[in-house]
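Please review the briefing on this protein chain. The sequence and model come first, and the notes come after.

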Amino acid sequence: MRELLGLLAAGGGHATMIGTPQSIADEMEQWLDCGAADGFNLMPPTLPAGIEDFVDLVIPELQRRGLFRTAYSSSTLRGHLGLGLPASSRPREEANQPG
């Protein structure tokens with residue numbers, strides 16, 4: 001019971017992954033492959049060191065497996081998501097000129 005409580009308390013009830021970069025990538029890949037996840041929210045136990053470790057160690061392993069992008073497809077979030085530009089809400093300039 002104590003071990004279960006410790007495990008649940010560590011992640012606040014969320015899945016907790018601890019191990020080598022390869023074992024963490026294995027677990028993430030398994031979640032993705034079986035449809036249990038389509039993405040992950042990271043909650044490292046320490047900042048910034050925990051997120052730096054993930055970026056420096058786990059992300060390259062996920063990239064080697066083709067599970068994480070190596071480059072963005074656009075220079076903006078809107079472009080990356082494939083969204084067009086919104087219609088302008090400002091009146092056209094010629095409509096503001098005296099006629």
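The notes below go from the whole chain to single residues.

This is a predicted model, in which local features need pLDDT of at least 70, side-chain atom pairs count only at pLDDT 80 or more, and totals for chains, interfaces and linings use all residues. Residues are numbered from 1 along each chain as its sequence is written, and side-chain values use heavy atoms, with hydrogens and water left out.

**Overall make-up**

- The protein chain has four helices and zero strands. Helices (H or I, at least four residues) and strands (E, at least two) are DSSP runs, numbered from the N terminus.
- Read from the N terminus, the order of elements is α-α-α-α.
- Of the 99 residues in the protein chain, 11% are buried. Buried means under 20% relative accessible area, exposed means over 50%, and partly exposed lies in between (1.4 Å probe, protein chains only).
- Among contacts in the protein chain with a separation of 6 or more, 36% join residues 24 or more positions apart. A contact means heavy atoms within 4.5 Å.

**Nonpolar core**

- Seven residues form the largest nonpolar core: Ile24, Ala25, Met28, Phe54, Val58, Ile59 and Leu62. Such a core is a set of buried Ala, Val, Leu, Ile, Met, Phe, Trp, Tyr and Cys residues joined through side-chain atoms within 4.5 Å.
- Helix H2 (21-33) and helix H3 (49-64) are the elements that give two or more residues to this core.
- H3 gives the most, with four residues.
- Core residue Leu62 is in contact with Ala25, Met28, Phe54, Leu67 and Phe68, leaving aside neighbours within four places in sequence.

**Packing of H2 on H3**

- The axes of H2 and H3 come within 9 Å and cross at roughly 55°. That makes H2 oblique to H3.
- Axes are lines fitted to C-alpha atoms, for helices over the stretch in contact, and angles run from 0 to 180 degrees between N-to-C directions.
- Angles under 35 degrees count as roughly parallel, over 145 as roughly antiparallel, 65 to 115 as roughly perpendicular, and the rest as oblique.
- The crossing of H2 past H3 is right-handed. That term applies if the near helix is turned clockwise from the far one by less than a right angle, and left-handed if anticlockwise.
- H2 brings Pro21, Gln22, Ile24, Ala25 and Met28 to the contact, and H3 brings Phe54, Leu57, Val58, Glu61 and Leu62.
- These contact residues divide into eight nonpolar, one polar and one charged. Here Ala, Val, Leu, Ile, Met, Phe, Trp, Tyr, Cys and Pro count as nonpolar, Asp, Glu, Lys and Arg as charged, and the others, Gly among them, as polar.

**Charged residues**

- Glu61 touches Pro21, Gln22 and Ala25, not counting residues up to four places away in sequence.
- Asp26 lies in helix H2. Asp26 is partly exposed, because its relative accessible area is 42%.
- Asp26 and Leu62 are 36 residues apart in sequence, with C-alpha atoms 8.9 Å apart.

**Prolines**

- Pro21 is in helix H2. Pro21 touches Leu57, Val58 and Glu61, again not counting residues up to four places away in sequence.
- Pro21 and Leu57 are 36 residues apart in sequence, yet 5.8 Å apart in space, C-alpha to C-alpha.
- Pro60 is in helix H3. Pro60 is partly exposed, with a relative accessible area of 24%.
- The C-alpha atoms of Pro60 and Pro21 are separated by 8.9 Å, across 39 residues along the chain.
- Pro48 sits in the loop between H2 and H3. A cis peptide bond joins Leu47 and Pro48, with omega about 0°. Most peptide bonds are trans.
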